[in-house]
Structures are given as structure tokens and as C-alpha cells.
Amino acid sequence: MSLNRPTIFKPFTLALIQLGNIGTNKSDNLKHAREMILKAAEHQSHGKKPSLIVLPECFNSPYGHTHFPVYAEKIGFTPEQPYDIASSESESVKMLSSAAKDVGSWLIGGSIPEKGEAGGNIYNTCTVYNPQGDLVAIHRKIHLFDIDIPGKIKFKESETLTGGNQLTFFDTDFARIGLGICYDVRFPELAMISARQGCHVLVYPGAFNMTTGPLHWELLQRSRAVDNQVFMSMCSPARDLTAGYHAWGHSMVVDPMGEKLAEADDSESIIYADIDPQVMHNARNGIPVTTQRRFDVYPDVATTKK
Ligand SMILES: O=C(O)CCC(=O)C(=O)O
């Protein structure tokens, strides 16, 4: 893999929507998500609205492997070809596209269960829209959330989902943004390769739980940020104790020094962070790990060597 470093990194405002009221009625979920996108875009920082708005993992359906097949939609995106929204079979894609266009901001549409092209595969998929409402990228969750902590939590996404097999980033007119979904954050390789591909900001829609959330949610984000000297953020649904899955919440944005710029509590809210490229430059100049790596000592991770 060759390094493909972008030059554009400008200050911008990032908005994370910690969406609540995600129930069993998909139309209601979509309607509410749209209202919250419009609300997020009303915020002004330095006289400007947020350039990038983010929704959480699984925002259009309850979270759980039995729900994925029921709510899955066909998207049919291929990076090589322009995507025709008008003929999309996905009502979620249509809503997200029109919301991005209406607010005129970039939009990371959390994730939705996606019906694959063939073989009945279902993916946990994040879609990305530019301010014109074009669908420009998708990320299929690579690492499936299969865990079993006896007496605490057992979850097996692989019972109904298939893992994606591609790293995804996209370029805007203000930064290069790398994507992951939730459990992907536990795999430092993914964030490291995204950073070495020139991503300035990593955005992972996620939905940690009441066992691993308090222990690892913040730790993992601050670790990925400091490891790679990038901005790192994860956007969760709000906690709903009447739902089958209790999300930890605490959507968060962390800077390249590991400082928290913004954090939600567990209720529905929108948080904002001003992303200042100078913080990344200062971190990299002051602690120059990006130029001090010893790939001669660990050549097995050197395929994207600087
Ligand atoms: O890694 C964890 O502890 C939680 C992951 C998760 O909830 C997910 O991948 O959806």
C-alpha cells in the first residue's frame, strides 16, 4: 500500500449526534434522525455551521443481531461509479442524502444494516454524503462484535452479519477523514494505517455497553488518538434502559494529545468540537513519533512504511 498524503487540513467544526428514541419503527427513527441533523446544523462556531455531522451506529433500528436482517436495506454502492440516489432502494440513504443537501454539510450517516449484493450477506454499514447530498463512501464494519464476558455480556454479531474487508477514508475540502465502526476501535492496526494514509480525523460511529463502556470507551479513543497523533471521535446512541441493548453513550471527541474536546453524558444530545490542525502539528513536532518508527526492528508492520 502506498502512502497517499493529502495536503488540506483546515479548522472546522465537528458535530456528533447522540441520538435517542431509537425504537422499532424505522420511519420514526429516520424522521427523528433527520430532525436532529437539521438541529445540529443550526449551531454556529466562529460564524460557521458544523462542516461535518455524525450519527451513531445502528441509528435506524434497535441494536441486536436478530434485528439486523429485519431492518437491512440494499444500498448497492461501488466506489468506482457515481451513485444514483433517485433510484436507490434504501430509504435510509435517501433520507440521509436529502438531509446532507438541505443542511449543506458533510454527513457520516452512523450505520445501518445493509443487504449485500449476493449470497444474503448482511453488513453493518456506514454511509457518507457530501454537502450536495451525493453518497461518496461506505464503510462496512470490519471486525464483528463477538464477545462473551460471563455474567456480564454476550454478543455475537457474526450470527447474522458479515465483516467488511476494506479500509475506508474520504477527502473533504477541510480534512481527510478515516472511518471505522465501534468494535473496529479495538484493532490499533486499522487506525494506524488510516493515519499513515494521511487521515487527520478518525470517526467511528459506535455503541459500547454498560460493561465495556466505562472501562474501555474513553481509553481506546484516547489511545488511538495518541498512538497516531490524530483527532479521534466516536458517536453513540443515547442510553435507553427500556431497549434490549443499553448503550454507554458518552459520545466523544479527543485531540492528538489525548485531550477530550467534548463529551456527552448518556442522554440525547449534540456535542460540538472545533478541530484545530495546529494541535496536530504541535503534537507531531513536539513528540515526533511519526518520524521515529523503527521499521527495521518490526518489519512485519512496515508495508505502509513512511
Ligand atoms: O468493543 C466493545 O466493547 C463494544 C463493541 C460494540 O458494542 C460494537 O461493536 O457494536
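In which helix is V226 found? V226 belongs to helix α5, which covers residues 212–228, where helices (H or I, at least four residues) and strands (E, at least two) are DSSP runs numbered from the N terminus. The model is a predicted one, in which local features need pLDDT of at least 70 and side-chain atom pairs count only at pLDDT 80 or more, while totals for chains, interfaces and linings use all residues. Residues are numbered from 1 along each chain as its sequence is written.

V226 counts as partly exposed because it has 19 C-beta neighbours inside 10 Å; a residue is buried if 20 or more other C-beta atoms, placed from the backbone, lie within 10 Å of its own, exposed if 12 or fewer, and partly exposed in between. From V226 to L14 the separation is 212 residues in sequence and 19 Å in space, taken from C-alpha to C-alpha.

If neighbours within four places in sequence are left aside, V54 is in contact with A15, L16, I17, I108, V203, P205 and C235, contact meaning that the C-beta atoms, placed from the backbone, lie within 7 Å.

Around the ligand stand E57, F145, C182, Y183, R186, A207, F208, N209, T212 and H216, each with its C-beta atom, placed from the backbone, within 6 Å of it. This shell divides into five nonpolar, three polar and two charged residues, with Ala, Val, Leu, Ile, Met, Phe, Trp, Tyr, Cys and Pro counted as nonpolar, Asp, Glu, Lys and Arg as charged, and the others, Gly among them, as polar.

Turning to the strands, an open sheet of mixed pairing is formed by six of them in the order β10-β11-β12-β13-β14-β15, where two strands pair if DSSP finds at least two bridges between them. Its edge strands, β10 (168–171) and β15 (260–263), each pair on one side only.

Elsewhere, β3 (residues 73–74) runs parallel to β5 (residues 112–115) and is joined to it by two bridges, K74 having K115 as its bridge partner. Strand β5 is also joined, through four bridges, to the antiparallel β6 (residues 122–129), with E114 opposite Y123. The hairpin of β5 and β6 has six residues between the strands, and in it G119 takes a positive phi near 70 degrees.

Technical notes:
Two residues are in contact if their C-beta atoms, placed from the backbone, lie within 7 Å.
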